[in-house]
Amino acid sequence: MAQDDSSPKTLFGFQFIQLSRRWRKVIHAEIARAGLTDATWAPLVHLEADGDGISQTELAERVALDTSTLVRLLDILAERGLIERRVNPQDRRARLIVLTPQGRTEVQRIKRHLSAVEAELLTGLSEADVTALLAGFAKISARVEATLEQKSS
């Protein structure tokens, strides 16, 4: 049976990846104009969004960096007073990453910039459009997680 190359499901993956790359490019350029880099803002935003007090390994996974790269980045963020490394009470060899008050202030500044850029990129879409997209993403995300779990067992 021949594949229908015009089917929305056939087109989705490629277009989604292309959009994601272009979206990130715009976000990075705009954030850079505010004096920030992906390396500095992404870990901070993830810490604030997902709750800080997580391990370096968990943060590395969330920001899609290898642990050694993240460690160097965390050194920089700690030197700037934006994060602290604290001993994990359950495993004294491990460190938990926590935002400092200055780090929380920086996250709010970053989020204001991100919000403005994203609002511009979403111009022309209604709240209902965005809500429908988010619902679709949630379904896809659940399917991706189920597939990953299946492959790892």
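Helix axes here are lines fitted to C-alpha atoms over the stretch in contact, and angles run from 0 to 180 degrees between N-to-C directions. Helices are DSSP runs (H or I, at least four residues), as are strands (E, at least two), numbered from the N terminus.

This is a predicted model, in which local features need pLDDT of at least 70 and side-chain atom pairs count only at pLDDT 80 or more, while totals for chains, interfaces and linings use all residues. Residues are numbered from 1 along each chain as its sequence is written, and side-chain values use heavy atoms, without hydrogens and water.

Start with the whole chain. It holds 6 helices and 3 strands. Their order along the sequence is α-α-β-α-α-β-β-α-α. The C-alpha trace spans about 55 × 45 × 25 Å along its principal axes.

Now take α1 and α5. Their axes come within 10 Å and cross at roughly 135°. The crossing is right-handed (the near helix is turned clockwise from the far one by less than a right angle). Contact means heavy atoms within 4.5 Å. On the α1 side, Trp-23, Val-26, Ile-27, Glu-30 and Ile-31 make the contact. From α5 come Ile-110, His-113, Leu-114, Val-117, Glu-118 and Leu-121. By class, this contact has 8 nonpolar, 1 polar and 2 charged residues. Nonpolar covers Ala, Val, Leu, Ile, Met, Phe, Trp, Tyr, Cys and Pro; charged covers Asp, Glu, Lys and Arg; the others, Gly among them, are polar.

Next, look at α3 and α4 (residues 67-79). Their axes come within 9 Å and cross at roughly 105°. The two helices are therefore roughly perpendicular to each other. Gln-56, Leu-59, Ala-60 and Val-63 of α3 meet Thr-67, Leu-70, Val-71 and Leu-74 of α4. These residues divide into 6 nonpolar, 2 polar and no charged.

Finally, find the largest pocket. It is lined by 35 residues, and Phe-16, Ser-20, Trp-23, Arg-24 and Phe-137 lie nearest its centre. The lining has 23 nonpolar, 6 polar and 6 charged residues. A pocket is an open set of points on a 1 Å grid over the protein atoms alone, where a 1.4 Å probe fits, with protein on both sides within 12 Å along at least five of seven lines; lining residues have an atom within 4 Å of a point.

Note on methods. Angles under 35 degrees count as roughly parallel, over 145 as roughly antiparallel, 65 to 115 as roughly perpendicular and the rest as oblique.
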